[in-house]
Amino acid sequence: MVNLNRIDLINHINRPEERTTIRKVIDKMESVMKSHITESTDFLNPHEINLSISILNRFKDEISYEIHGGYNDSESCIIYIYPSYKCENDADDIVLFKFESNEKIKHGDVLGSILGLSIDRQKIGDILIGEKFTYFFVKREIANFIEINLTKISKYNIILSREDKISDLPKKEYDYKKIVVSSFRLDNLISKVFNLSRSKVKKMIDGELVKVNFAKETRAHFELEEGDLVSLRKYGRFRIFEVEGSTKRGNFVVLVRLNK
C-alpha cells in the first residue's frame, strides 16, 4: 500500500478549516486502501472538491472516485472513494427529502431548522425551494434521525417524506443586474452589486466575510474574472456572467447573475 505523507499532501493548503476538511478526505482514502471498502466524504463545496481532487489524483493506481450531489446541477457534493480494481462505485449515501413549500419559508429557515437539531453542516447538501415542494439532500447516516425529528421549519409544521425520483426538482432561478465598473477589483465589484460603500466592503473583506469561488479572500485588490463566483455573508452571491463591453470613458459594462 502507498505510504501517505499527510504533511506533503496538505502543504499547499493554507487555511486551517480547509486543512481539517482535507485531512478527513485523506482519512477516507487511507481506509479504502487498507480495508478495500467504499467510503464517502461529507458534502463539500466546489472549492473543497477541487482541493480533494488534487490529492486523489495522485493515487490513481490505488483508488478511484466519483463525485455526486444527488442531481446533475448540484453545488454541494460528496466524493465516493473506492478501490481502483472496482468497475464503479456501488454505494448510495445520499437521501432526498421533500415537504410542501410555504412562501414564508426561505432557504435559511430550512438550513437553520436542520442545524437546530445539532446536525453537522457538512451532512447537509443542497436545498432547493420550489413553488409546490421544497427539497433537500442529506447523508444517509443522519436520514432516519432527520425523518423522525424534523417536524417544523421555523414556526411552521411540515410533513417530511423521502423522495426517490429527482426528475421534478425545481430549477435554480437567478436575477441579473448590469453594472458599470472602472476595474475588476473585488471591493469595486461588491460595492457596485450590493450598493455598499467601498470602505464598508473593505472592512467586510478584512473580516473574512467574503469568498471567491468558495475560498475566503482577504485581498480587496484581488482581480476578478468572468465566471468568478463571489459571496458576501448576509448579502448573498453573484457571478460575473458576462463582460458586455466598455464605455467611451473606458469603464467596463458587466452583467452579473445573482442568486435569488
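Analyst: The side chain of Asn 89 reaches the backbone nitrogen of Ala 91 at 3.0 Å. A polar contact is a pair of N or O atoms within 3.5 Å; within protein, one must be able to donate a hydrogen and the other to accept it, and residues adjacent in sequence count only if both atoms are side-chain atoms. This is a predicted model, in which local features need pLDDT of at least 70 and side-chain atom pairs count only at pLDDT 80 or more, while totals for chains, interfaces and linings use all residues. Residues are numbered from 1 along each chain as its sequence is written, and side-chain values use heavy atoms, with hydrogens and water left out.

User: Where is Asn 89 placed, and is Asn 89 buried or exposed?

Analyst: Helices (H or I, at least four residues) and strands (E, at least two) are DSSP runs, numbered from the N terminus. Asn 89 belongs to the loop between β3 (78-83) and β4. Buried means under 20% relative accessible area, exposed over 50%, and partly exposed in between (1.4 Å probe, protein chains only). Asn 89 has a relative accessible area of 12%, and is therefore buried. With contact meaning heavy atoms within 4.5 Å, Asn 89 is in contact with Thr 38, Glu 66, Tyr 80 and Tyr 82, leaving aside its neighbours within four places in sequence.

User: How many aromatic pairs does a search of the whole structure find?

Analyst: Rings of Phe, Tyr and Trp (its six-membered ring) pair if their centres lie within 6.5 Å; planes under 30 degrees apart count as stacked, over 60 as edge-to-face and the rest as tilted. The search of the whole structure finds seven aromatic pairs. The rings of Tyr 71 and Phe 137 have their centres 5.4 Å apart and their planes at 15 degrees, so this pair is stacked. It links distant parts of the chain, 66 residues apart: Tyr 71 lies in the loop between β2 (63-68) and β3, and Phe 137 in strand β6. Tyr 71 is buried at 13% relative accessibility, and Phe 137 is buried at 1%. The rings of Phe 194 and Tyr 235 have centres 5.9 Å apart and planes at 55 degrees, so that pair is tilted. Ring pairs link Phe 194, Tyr 235 and Phe 238 into a cluster.

User: How many residues of helix α6 are buried, and what covers them?

Analyst: Eight of the nine residues of helix α6 (residues 186-194) are buried, so the helix is largely enclosed by the rest of the structure. Among the buried residues are Leu 186, Ile 190 and Phe 194. What covers the buried residues of α6 includes β10, α7 (198-206) and β14 (236-246). Asn 195, which follows α6, has a positive phi, near 55 degrees.

User: Which residues does Phe 133 touch?

Analyst: Phe 133, found in strand β6 (residues 133-139), touches Lys 98, Phe 99, Glu 100, Ser 101 and Leu 128, not counting residues up to four places away in sequence. Phe 133 counts as partly exposed, at 28% relative accessibility.
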